[in-house]
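Me: I would like to go through this model with you, one topic at a time. Could you have a look at it with me?

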Amino acid sequence: MYQRLLTIIENLGTPKVLLAGDFMLDHYLMGNIDRISPEAPVAVLNVSDRQEQPGGAGSVAVDLATLDVEVRCLGVIGDDRNGRVLKDMLCAYPTVKADYLVIDENRPTTSKQRIVGLAQHRHRQQLMRIDEEDTRSISPEIQDKLFAYYLEGLKWCDVVCLEDYNKGVLHKEFCTRLIEAATKAGKKTIVDPGSISDYSRYRGAWMVKPNRRELSIASGVKLDGDMEIYRQAAGKLAREYNIANIVATLDKSGAYLYQAKTDSGELVPTRARSVYDVTGAGDMVLAMLGTLVGAQYKIDPPDMTEIIKLANIAGGLEVEKFGCVGISRAEIMTEICRDQRLSTGKICSLDDLLNQLRWRNGKKVVFTNGCYDILHPGHIELLKFASRQGDLLVVGVNSDASVSRLKGPKRPILNQQERTALIAALESVDYVVVFEQDTPQELIEKICPDVLIKGTDWQGKVVGQDWVEAHGGQCVLMPLIEGLSTTGIVERIIERYK
């Protein structure tokens with residue numbers, strides 16, 4: 001499965017997404033809190049940093065751009081500083097066009113200012129949010145301008161994404177008008193809904209993506225852990241509003257996919273994450289869905305389950321970061337490989353290893369090798385040393401046949417399954433791979449490590465050193481620790497138990 005997911009990401013091409021909705025500017029005011037004000041019982045924030053970034057549909061645009069997608073933004077901004085800053089920020093991304101953002105002189109650009117404290121000067125914690133907005137429906141004149149742009153954009157795009165924060169742009173009449181036009185043009189519409197009870201504005205959408213709470217509000221169904229209840233809630237919305245697919249995001253549980261054509265649903269699980277900040281996770285999921293649905297594939301296109309699996313991965317990566325941060329294709333590929341390693345263990349074939357290292361995403365790969373016939377403190381110290389020299393430690397282990405050729409017919413003492421299991425059990429090791437040759441030269445050339453590790457007793461005779469250094473890497477020798485010479489320890493053990 002993981003190779004299929006990697007292939008899908010590799011074949012995304014450059015989709016074109018028409019993105020409509022509520023564009024906002026997010027402000028972050030950050031600082032340390034060391035005291036309470038003498039004027040009132042409130043914390044005093046000593047400002048250390050200010051940041052601004054696109055929010056709402058603007059965050060989705062950034063996510064799409066980070067995924068190497070072409071985006072045209074359709075929405076409303078005010079005739080104010082925030083609007084100008086937001087438009088400039090969006091246009092800074094080469095694949096984003098903001099020429100469909102209409103200025104409305106009668107409303108401000110929607111903005112959210114977050115006050116963020118730094119616990120122990122490091123850990124960010126949101127303390128307060130200050131919103132500036134006008135949530136009234138946009139005027140008929142503004143609607144007509146936007147719709148003219150929208151019809152133009154439909155001729156250009158592969159898919160339509162609607163990001164509704166219920167701020168007045170995607171109100172019922174206008175949103176329905178957009179979906180009908182997209183359907184008539186043969187374009188699929190994916191909606192990230194507002195927290196509302198009436199989904200009539202989304203009637204006819206190809207997909208609607210509520211979270212758990214939004215699904216409960218819209219369906220009127222109290223949700224628990226029973227997937228049949230989710231099927232009933234999603235099915236109710238799908239039938240009432242002619243929605244083909246409903247994807248309910250369920251935080252750490254993954255997502256529930258309901259397809260109206262079969263009146264069936266399934267839970268698509270995800271890996272539990274260390275949640276740092278949930279801000280923007282839904283935006284990232286929408287961006288990933290739009291990317292996958294809008295892509296023109298040269299392979300069999302992904303099925304719905306595969307689409308949701310990849311959207312889960314993108315959203316999961318986002319919650320591990322602070323604020324709204326785009327996730328790249330390379331990061332998603334790296335995570336797919338990481339999930340594969342966690343599910344199958346550290347011991348892998350050469351082909352699987354190369355697939356996983358292919359998307360190292362800037363991580364420094366360290367390599368060392370040995371027979372590891374008897375695992376002892378000398379080995380452990382060298383592997384701990386090796387792991388500190390980079391991000392991923394790959395350990396090559398001689399096969400049983402290779403050890404016999406090198407050390408005689410009575411070796412190895414432990415077979416290769418036992419030896420690789422012992423190495424894989426060490427926290428410092430990320431991958432273990434067996435090689436059949438007498439030296440790891442061929443393995444090194446295929447892995448192309450950034451750092452090659454051996455002990456100083458190998459100085460001047462490290463296999464692969466010349467090749468690694470010729471390809472921009474380095475060879476690092478660990479100083480021998482007295483009494484922990486690898487060869488010496490093994491020979492002492494063998495002599496003792498003869």
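Me: What is the order of the five strands in the open sheet?
Reply: The order is β16-β15-β14-β17-β18, with parallel pairing. Strands are DSSP runs of E of at least two residues and helices runs of H or I of at least four, numbered from the N terminus; two strands pair if DSSP finds at least two bridges between them. Please note that this is a predicted model, in which local features need pLDDT of at least 70, side-chain atom pairs count only at pLDDT 80 or more, and totals for chains, interfaces and linings use all residues. Residues are numbered from 1 along each chain as its sequence is written, and side-chain values use heavy atoms, without hydrogens and water.

Me: Which strands stand at the edges?
Reply: β16 (431-435) and β18 (474-478) do; each has a single partner strand, so one side of each lacks a neighbour in the sheet. Neighbouring strands are turned by 25 degrees against each other on average, direction ignored.

Me: How many bridges join β17 to β18?
Reply: Five bridges join β17 (residues 451-455) to β18, and the two run parallel.

Me: Changing topic, how many residues of helix α2 are buried?
Reply: Nine of the ten residues of α2 (residues 57-66) are buried, so the helix is largely enclosed by the rest of the structure. Buried means under 20% relative accessible area, exposed over 50%, and partly exposed in between, with a 1.4 Å probe and protein chains only. Among the buried residues are V60, V62 and L64. Just after α2, D68 takes a positive phi of about 65 degrees.

Me: And how many disulfides are there?
Reply: The structure holds zero disulfides, a disulfide being a pair of cysteine sulfur atoms within 2.5 Å.

Me: Lastly, at what angle do α1 and α11 cross?
Reply: The axes of α1 (residues 2-10) and α11 (residues 350-357) cross at roughly 35 degrees and come within 12 Å. Axes are lines fitted to C-alpha atoms, for helices over the stretch in contact, and angles run from 0 to 180 degrees between N-to-C directions.

Me: Which residues meet there?
Reply: Y2, Q3 and L6 in α1 meet D352, N355 and Q356 in α11, where contact means heavy atoms within 4.5 Å.
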